[in-house]
Number of protein chains: 2
Amino acid sequence: MPKLCEVIEGFIKDMIKEANGIVEIQRNEIATRFNCVPSQINYVIDTRFTVEQGYYVESRRGGGGHIRIKEVHVGGSSYLMHLVNSIGNSVSQQVAEAFIINLRDYNIISDREAALFRAAVSDKAIGNSLHDRDHIRAAIIKNMLISIV
Amino acid sequence: MPKLCEVIEGFIKDMIKEANGIVEIQRNEIATRFNCVPSQINYVIDTRFTVEQGYYVESRRGGGGHIRIKEVHVGGSSYLMHLVNSIGNSVSQQVAEAFIINLRDYNIISDREAALFRAAVSDKAIGNSLHDRDHIRAAIIKNMLISIV
DNA sequence: TATTGATAAAAGTCAGAGAAAGTCAAAGTG
DNA sequence: CACTTTGACTTTCTCTGACTTTTATCAATA
């Protein structure tokens, strides 16, 4: 018996393929279709549609809410995916700075975009005292990278 | 199924565009047209036509009353500074999204830069469970805005 | 003519219901 | 043990309706 999570994963991936790389789902609808609890969908997304695997996910709650999943086309920039994967889940400000310089040198981002990256992942923005700021920094920088591939 | 609030939002924005930046509506009339309660109009205005988002709203009650919505067009860097100043130290994801849409509409940022903003301030990146994520979000977005002035 | 007061015609407020998605830990499976 | 599945509980966003406040109108009165 195939595992439910894999069935759902395949289903969503089919949807994405059909829809040319971007799809908007309703959690409850899919849960109903596969006869499972809604949080199962979260499990699938959290484990199968991560930034490292090349997906950009955003969502909205409330009436008429949705989950949007975008497949990033690794096409020309596998270097970018390599970068994303090399970041891990914790990055200091200095290491982040090195990444940004690299992105700029390779002409993956413009000067202005480099400034935006810097601003977003600086301690000034994220907060100095936060004990898990390096985790947040890693998540932000990866999310930003994947969003422009 | 499109959300009512977004339909009404779009309707009003179209009116504003057609009318060159200022429009006067009657709450009851619009509620009747969209078959909803009048207070729905207040909800739309309170969440979509705020000062931070570049609108100035005034109204009169009583017979012949109205709601006047004016688009405040401050261009370029002065709009950025206006934004920075009007952002308090806490911003929800929804409000952040509204800012980003406006920045894009005013052509202050590109599509790619809008994606970067979105990716940087999303709950997905900052973390949903974090108690002070709205503070971090505010700090990040302000820092990013300042970086491109 | 000027004032008053009743009635009608707006818009505003706010709490609660409804509609989604998110979290987390416990239980199940192989 | 690692991975999957479940469900109770939480958070966010939207929509509704009862009630309040403000303004206009107009007839009655001073």
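Reader: Which helices each supply at least two residues of the surface near DNA strand D?

Author: First, a caution: this is a predicted model. Now the surface. In chain A, helix 1 (4–18) and helix 3 each supply at least two residues.

Reader: How many residues surround DNA strand D, and which are the closest?

Author: 31 residues surround DNA strand D. The closest are A:C5, A:S39, A:G62, B:S39 and B:G62. By class, this surface has 10 nonpolar, 15 polar and 6 charged residues.

Reader: Which residues are the closest to DNA strand C?

Author: A:R27, A:G65, B:R27, B:G65 and B:N128 are the closest, and 28 residues surround DNA strand C. Next, look at which elements they come from. In chain A, helix 2 (27–33), helix 3 (38–48) and strand 3 (66–71) give two or more residues.

Reader: How many residues of the surface near DNA strand C are nonpolar, polar and charged?

Author: The surface near DNA strand C has 2 nonpolar, 22 polar and 4 charged residues.

Reader: Now the protein itself. How many helices and strands are there in chain A?

Author: Chain A has 8 helices and 3 strands. Read them along the sequence. The pattern is α-β-α-α-β-β-α-α-α-α-α. The C-alpha trace of chain A spans about 45 × 35 × 30 Å along its principal axes. Chain A has 149 residues, of which 27% count as buried. Take the contacts in chain A with a separation of 6 or more: residues 24 or more positions apart account for 56% of them.

Reader: How do I read a helix? What span should helix 1 of chain A have?

Author: Start with the general idea. An α-helix has 3.6 residues a turn, so residues three or four places apart point the same way. Now the case here. Helix 1 of chain A has 15 residues, and at 1.5 Å a residue it should span 21 Å. Its end C-alpha atoms are 21 Å apart, so the two values agree. Just after helix 1 of chain A, A:N20 takes a positive phi of about 65 degrees.

Reader: What is the order of the strands in the sheet of chain A?

Author: The order is 1-3-2, in an open sheet of 3 strands with antiparallel pairing. Strand 1 (22–25) and strand 2 (55–60) of chain A each have a single partner strand, so one side of each is left without a neighbour in the sheet. Neighbouring strands of this sheet are turned by 15 degrees against each other on average, direction ignored.

Reader: How many bridges join strand 2 of chain A to strand 3 of chain A?

Author: 6 bridges join them, and the two strands run antiparallel. For one residue pair, look at A:V57: it stands opposite A:I69 in strand 3 of chain A.

Reader: What is the strand order in the sheet of chain B?

Author: In chain B, 3 strands form an open sheet in the order 1-3-2, with antiparallel pairing. Strand 1 (22–25) and strand 2 (55–60) of chain B are the edge strands, and each pairs on one side only. The twist averages 15 degrees from one strand to the next. Strand 2 of chain B is joined to strand 3 of chain B by 6 bridges. B:R60 has B:H66 as its bridge partner in strand 3 of chain B.

Reader: Is B:L83 buried or exposed?

Author: To judge this, count C-beta atoms around the residue. The cut-off for buried is 20 or more others within 10 Å. B:L83 has 21, so it is buried. Its place is in helix 4 (residues 76–86) of chain B. Leaving aside neighbours within four places in sequence, B:L83 is in contact with B:E52, B:F99 and B:L145. Compare B:G63: B:L83 and B:G63 are 20 residues apart in sequence and 36 Å apart in space, C-alpha to C-alpha.

Reader: Where is B:N35, and what is its phi?

Author: B:N35 is in the loop between helix 2 (27–33) and helix 3 (39–48) of chain B. Its phi is near 60 degrees, a positive value in a residue other than glycine. B:N35 counts as exposed because it has 8 C-beta neighbours inside 10 Å.

Reader: How many residues of chain B are in contact with chain A?

Author: 22 residues of chain B are in contact with 23 residues of chain A. On the chain B side, helix 6, helix 7 (123–126) and helix 8 (133–147) give two or more residues. That side divides into 13 nonpolar, 4 polar and 5 charged residues.

Key:
Residues numbered from 1 in each chain as written. Chains lettered and ligands numbered in written order. Predicted model: local features only at pLDDT ≥ 70, side-chain atom pairs only at ≥ 80, totals over all residues. Helix = DSSP H or I, 4+ residues; strand = E, 2+ residues; numbered from the N terminus. Buried ≥ 20, exposed ≤ 12 C-beta atoms within 10 Å, placed from the backbone. Contact = placed C-beta atoms within 7 Å. Nonpolar A, V, L, I, M, F, W, Y, C, P; charged D, E, K, R; others polar. Near = placed C-beta within 6 Å. Pairing = 2+ DSSP bridges. Axes fitted to C-alpha atoms, helices over the stretch in contact; angles between N-to-C directions. Expected span 1.5 Å × (residues − 1).
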